[in-house]
Amino acid sequence: MGQRFSYYMRLTLLITDFLIINGCLLLAHRLNFWVKGQDFSLTLLASSVLDKMLFLNIAWLVSAFVFKLYNQQTVAKVEFVLRQTWRTVVAHVIIALLFTYLVSKASLTETKYLSWDKSFIAIYFILISMLFIASRFWLTYIIEFVIKKTKIKRKIAIVGYNETGIQLA
């Protein structure tokens with residue numbers, strides 16, 4: 001595919017991936033409040049989400065960089081994108097769980113501030129798995145639609161005005 005398509009594809013993947021990660025984070029916090037039966041307040045949400053949002057975005061960037069998710073060669077084929085997405089999501093989950101484990105074992109005075117609830121972690125990873133699967137199926141559908149609609153033609157010049165030239169034109 002063309003250079004422009006590759007650029008748009010990488011940009012679209014990057015934007016949608018961060019929308020999925022941050023949207024899942026906010027939705028998981030909202031659902032976590034609902035599961036616990038707590039009242040939802042924006043001040044409590046803002047104070048508890050910012051640290052997690054920063055960490056999860058950095059963890060996603062690191063895992064995407066390691067597995068070259070937004071690389072031009074990866075974006076060239078849908079199969080490569082799907083394979084690298086799967087690996088990146090698994091690495092993202094492992095990094096987040098490792099961080100959660102290390103923070104829970106640390107004897108910091110701010111452990112309460114940094115602690116992640118088990119129900120939040122479960123909700124977040126279920127949501128992120130479902131949305132990444134749905135987004136990659138949607139991506140496959142769109143790419144196949146674009147490929148079918150845009151016929152890749154080779155431009156040729158027909159020299160001469162004869163019967164064969166008229167048939168080819």
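Student: Is Ser135 buried or exposed?

Tutor: Ser135 is buried, with a relative accessible area of 17%. Buried means under 20% relative accessible area, exposed means over 50%, and partly exposed lies in between (1.4 Å probe, protein chains only).

Student: Before we go on, what kind of model is this, and how are residues numbered?

Tutor: This is a predicted model, in which local features need pLDDT of at least 70, side-chain atom pairs count only at pLDDT 80 or more, and totals for chains, interfaces and linings use all residues. Residues are numbered from 1 along each chain as its sequence is written, and side-chain values use heavy atoms, with hydrogens and water left out.

Student: Where is Ser135 placed?

Tutor: Ser135 is in helix 6. Helices are DSSP runs of H or I with at least four residues, strands are runs of E with at least two, and both are numbered from the N terminus.

Student: What does the side chain of Ser135 make a polar contact with?

Tutor: The partner is the side chain of Arg136, at 3.5 Å. A polar contact is a pair of N or O atoms within 3.5 Å; within protein, one must be able to donate a hydrogen and the other to accept it, and residues adjacent in sequence count only if both atoms are side-chain atoms. Ser135 also lies 9.4 Å from Leu13, C-alpha to C-alpha, although the two are 122 residues apart in sequence.

Student: Which residue forms a salt bridge with Arg136?

Tutor: Asp17 does, and the closest N and O atoms are 3.0 Å apart. Arg136 lies in helix 6 (residues 118-149) and Asp17 in helix 1, so the pair ties together parts that are 119 residues apart in sequence. A salt bridge is a side-chain nitrogen of Lys or Arg within 4 Å of a carboxyl oxygen of Asp or Glu.

Student: How many salt bridges does the structure hold?

Tutor: The structure holds 1 salt bridge. Arg136 counts as buried because its relative accessibility is 5%, and Asp17 is buried with a relative accessible area of 0%.

Student: Which other residues of helix 6 are buried?

Tutor: The buried residues of helix 6 include Phe120, Tyr124, Ile128, Phe132, Leu139 and Ile143. Helix 6 has 32 residues and reaches 47 Å from its first C-alpha to its last, close to the 46 Å expected at 1.5 Å a residue. The expected span is 1.5 Å times one less than the number of residues.

Student: Changing topic: what is His92 in contact with?

Tutor: Leaving aside neighbours within four places in sequence, His92 is in contact with Leu56, Ala59, Trp60, Ser63, Tyr124 and Ile128. Contact means heavy atoms within 4.5 Å. The side chain of His92 also reaches the backbone nitrogen of Trp60 at 3.5 Å.

Student: Which helix holds His92, and is His92 buried or exposed?

Tutor: His92 is found in helix 4 (residues 78-105). At 0% relative accessibility, His92 counts as buried. Helix 4 has 28 residues and spans 41 Å from first C-alpha to last, close to the expected 40 Å.

Student: What about Thr74?

Tutor: Thr74 is in helix 3 (residues 72-75) and counts as buried, at 7% relative accessibility. Beyond neighbours within four places in sequence, Thr74 is in contact with Lys68, Leu69, Phe80, Val81 and Gln84. Thr74 and Ser6 are 68 residues apart in sequence and 9.6 Å apart in space, C-alpha to C-alpha.

Student: And Asn71?

Tutor: Asn71 is in the loop between helix 2 (42-66) and helix 3, and is partly exposed, with a relative accessible area of 28%. The side chains of Asn71 and Gln73 are joined by a polar contact of 3.4 Å.

Student: Which residues form the nonpolar patch on the surface?

Tutor: Tyr7, Tyr8, Leu11, Ile15 and Leu19 form it, with about 530 Å² of accessible area together. Patches are made of residues with over 30% relative accessible area and no salt bridge; like charges are joined within 9 Å, and nonpolar side chains (Val, Leu, Ile, Met, Phe, Trp, Tyr) within 5 Å. Accessible areas come from the Shrake-Rupley method with a 1.4 Å probe, and for residues only the protein chains shown count as cover.

Student: Finally, how many helices and strands are there in the chain?

Tutor: There are 7 helices and 0 strands. Buried residues make up 34% of the 169 residues in the chain.
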